Amino acid sequence: MEDRGVHAAHFTTLRQSPVPAVHVEVGYISVSTDGTSLANLAYHRYLARPIANGIFRYVRQQR
């Protein structure tokens, strides 16, 4: 998966959230290779670990 970096956007779900929020795009169902990967539970775990680690790192830095 290509790292496309961090981008700023004004998503309603982020602006109007009463708690801190993050929007993560890990693939597009319309792209056949992404769709196949996104249907795989092992791929979910592969993506979830670094996302969770990033969130934990951010929270620790805020304390």
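**Burial, Ring Pairing and a Pocket**

Student: Why is tyrosine 43 called buried?

Tutor: In this predicted model, tyrosine 43 has a relative accessible area of 15%. Buried means under 20%, so tyrosine 43 is classed as buried.

Student: What makes tyrosine 46 exposed?

Tutor: The relative accessible area of tyrosine 46 is 58%. Exposed means over 50%, and tyrosine 46 therefore counts as exposed.

Student: Why does alanine 48 count as partly exposed?

Tutor: Alanine 48, which lies in helix α3, has a relative accessibility of 39%.

Student: How many aromatic pairs does a search of the whole structure find?

Tutor: The search finds one aromatic pair. Tyrosine 43 and tyrosine 46 form this pair.

Student: Why is the pair of tyrosine 43 and tyrosine 46 called stacked?

Tutor: The ring centres are 5.9 Å apart, and rings pair if their centres lie within 6.5 Å. The angle between the planes is 25°; planes under 30 degrees apart count as stacked, so the pair is named accordingly.

Student: Why are tyrosine 43 and tyrosine 46 separated by about one helical turn?

Tutor: Because they are three residues apart in helix α3.

Student: What does helix α3 give to the lining of the largest pocket?

Tutor: Helix α3, residues 41–62, gives the most to that lining, with four residues. The largest pocket holds about 910 Å³ of space and is lined by 23 residues. The lining comprises 14 nonpolar, four polar and five charged residues.

Note on methods: Residues numbered from 1 in each chain as written. Predicted model: local features only at pLDDT ≥ 70, side-chain atom pairs only at ≥ 80, totals over all residues. Heavy atoms only, no water. 1 Å grid on protein atoms, 1.4 Å probe; cavity = no way out; pocket = protein on both sides within 12 Å on 5 of 7 lines; lining within 4 Å. Points joined across faces, edges and corners; volume = space filled by probe spheres on them. Helix = DSSP H or I, 4+ residues; strand = E, 2+ residues; numbered from the N terminus. Nonpolar A, V, L, I, M, F, W, Y, C, P; charged D, E, K, R; others polar. Buried < 20%, exposed > 50% of the residue type's maximum accessible area, 1.4 Å probe, protein only. Phe/Tyr/Trp six-rings, centres within 6.5 Å; stacked < 30°, edge-to-face > 60°.
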